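Here is a brief report on one protein model. Look over the sequence and the coordinates first.

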Amino acid sequence: MIAELPPWAVRLRAERRDRLWSQKEMARRLVEAADEETRNRLPARETIVRRIKAYEAGHNEPHDPYRMLYARAFGTTETDLFGSGRRPFPSLTNPPDPDLYERITKAIERPQRVDATTIEWLERCLSEHRHVEDTLGSAPLLPVVRAQLDAITVLAQGAPGPLADRVVAMLGQYAQFIAWMCQDSGDHAAALAWYDRSHGWALEAGDAALAATTLSMRAHLAWSIGDPLRSVRLAEAARWHDGRTTLGVQGMAAQMAARGHAEMGEAGTSRRLLGEAEELIRAAGEHPEDEPPWMYFYDDGWFDMQRGMAELALGDGPRAVRFLGRGLATLPEAYRRDRAWFGTCLARAHALAGDMEAAERLAVAAVPDALAVNRYAVQDLRKLSAALRPIRFQSGQRIEEALRAAER
């Protein structure tokens with residue numbers, strides 16, 4: 001039984017399954033995590049699979065180099081995976097005072113002791129993590145937030161009366177954030193699984209705003225992998241909750257549907273929905289206190305950038321430049337991941353509009369943040385470099401040189 005396994009064996013299996021990796025896939029990830037010297041010393045892939053089975057069955061604990069490789073593959077530390085001294089509730093930001101930390105620890109040991117003060121701290125902690133992720137990206141946060149979710153799952157088992165729905169809704173918010181970070185890291189299968197969990201918890205808690213947002217974010221995932229029709233369908237499903245959600249949440253769903261239609265070349269439908277989304281988001285901005293905490297970033301400037309991406313898909317370079325430039329000017333410097341992505345989009349828009357010098361300048365400026373925190377921006381910068389070479393070889397070359405220099 002799982003309860004009889006050593007804690008490290010339970011963690012190894014849970015981490016793998018949460019990512020929807022088979023044991024064969026786990027073996028491949030371990031090999032990929034190794035440097036060249038270590039890789040040359042590893043046994044055949046079939047042998048590694050047998051070792052993984054033995055580790056997860058608790059027959060023998062991994063030793064070097066497998067401890068290191070597991071930590072790298074999962075994006076965490078050896079101490080978190082194998083150490084016996086794990087903190088009951090790890091936190092990257094906003095550590096609780098000693099009395100509150102003791103209260104959280106006791107609540108985890110006896111879930112029926114969870115109270116409103118503990119839940120408020122957990123909600124505040126998640127809010128701060130979201131802001132940290134805007135600057136640092138997903139990699140340093142993902143293992144911490146996953147560990148926190150494990151602890152909150154325990155709390156949900158014993159939350160009394162009116163606190164029960166609040167804890168379940170918080171589970172949904174944590175799952176939604178983890179899904180986003182998995183998507184941002186390129187692990188789309190895990191992102192989809194976590195979005196589904198978030199949606200289920202949202203429905204259980206009766207949180208229509210969270211349920212609708214999760215569907216909109218699944219629409220964004222479909223859009224990002226090149227499936228605009230599914231993106232539109234999911235965004236339309238998010239609007240089934242209209243009337244029970246906030247104006248900002250409704251605006252998010254409308255603009256997501258618009259971007260899907262734009263990818264399919266349906267300019268009239270896309271721009272009609274963008275106009276509807278603009279009205280909703282402008283009205284939401286008049287009462288930001290009514291919006292859920294995860295909508296903190298969604299304002300007029302953010303919408304301008306979403307509209308610019310739709311115009312980019314529709315092939316209208318000048319309109320894309322106008323909207324992307326206006327929105328990017330409002331984005332705080334601390335939002336490194338988003339500045340890299342939208343800066344790259346703006347560079348592409350200038351290239352589409354025929355201004356290759358501006359495209360080069362903006363692309364080169366986006367390189368440091370893209371390499372640090374946004375893998376998708378790096379991919380688009382390489383595509384832009386390749387596209388510019390036949391038109392203006394010097395610009396394409398400079399973008400590629402900037403990427404190589406920053407990688408060194």
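This is a predicted model: local features need pLDDT of at least 70, side-chain atom pairs count only at pLDDT 80 or more; totals for chains, interfaces and linings use all residues.

The side chains of Glu 357 and Arg 392 form a salt bridge, 3.5 Å from N to O. This pair links distant parts of the chain, 35 residues apart. Glu 357 sits in helix H19, while Arg 392 sits in the loop between helix H20 (375-388) and helix H21 (393-407). Glu 357 is exposed, at 53% relative accessible area.

## Other salt bridges

The salt bridge count comes to 29. One of them joins the side chains of Arg 336 and Asp 369, at 2.8 Å from N to O. Arg 336 belongs to helix H18 (residues 336-352) and Asp 369 to helix H19 (residues 356-373), so the pair ties together parts 33 residues apart in sequence. Arg 336 is partly exposed, with 27% relative accessibility.

A local case is found in helix H2. Arg 29 and Glu 25 meet there through their side chains in a salt bridge, 2.8 Å from N to O. The two are separated by about one helical turn, because they are four residues apart in H2. Residues three or four places apart in an α-helix point the same way, because a turn takes 3.6 residues. Arg 29 is partly exposed, with a relative accessible area of 26%. Salt bridges also link Glu 25, Arg 28, Arg 29 and Glu 32 in a network.

## Nonpolar cores

The largest nonpolar core holds 63 residues. Met 305, Met 309, Leu 324, Trp 341, Phe 342 and Leu 384 have the most contacts inside it. Take Leu 384. Setting aside neighbours within four places in sequence, Leu 384 is in contact with Ala 347, Arg 348, Ala 351, Ala 359, Ala 363 and Ile 399.

A second core is separate and has 35 residues. Leu 141, Val 145, Val 168 and Met 170 are among them.

## Helix H12

Helix H12 covers residues 208-224, 17 residues in total. From first C-alpha to last, H12 reaches 24 Å, close to the 24 Å expected at 1.5 Å a residue. Most of H12 is covered, with 14 of its 17 residues buried.

Both ends have a detail to check. At the start of H12, a side-chain oxygen of Asp 207 comes to within 3.3 Å of the backbone nitrogen of Ala 209. After H12 comes Gly 226, with a positive phi near 80°.

## Loops and backbone geometry

Most residues other than glycine have a negative phi, and most peptide bonds are trans. Leu 20 lies in the loop between helix H1 (7-18) and helix H2 (23-33). Pro 65 lies in the loop between helix H4 (45-56) and helix H5 (66-74).

Gly 243 is also in a loop, between helix H13 (228-238) and helix H14 (247-263). Gly 243 is exposed, because its relative accessible area is 68% and the exposed class begins over 50%. The C-alpha atoms of Gly 243 and Ala 208 are separated by 9.4 Å, with the two residues 35 apart along the chain.

Note on methods. Residues are numbered from 1 along each chain as its sequence is written. Side-chain values use heavy atoms; hydrogens and water are left out. Buried means under 20% relative accessible area, exposed over 50%, partly exposed in between (1.4 Å probe, protein chains only). A salt bridge is a side-chain nitrogen of Lys or Arg within 4 Å of a carboxyl oxygen of Asp or Glu. A nonpolar core is a set of buried Ala, Val, Leu, Ile, Met, Phe, Trp, Tyr and Cys residues joined through side-chain atoms within 4.5 Å. Contact means heavy atoms within 4.5 Å. The expected span of a helix is 1.5 Å times one less than its number of residues. A polar contact is a pair of N or O atoms within 3.5 Å; within protein, one must be able to donate a hydrogen and the other to accept it, and residues adjacent in sequence count only if both atoms are side-chain atoms.
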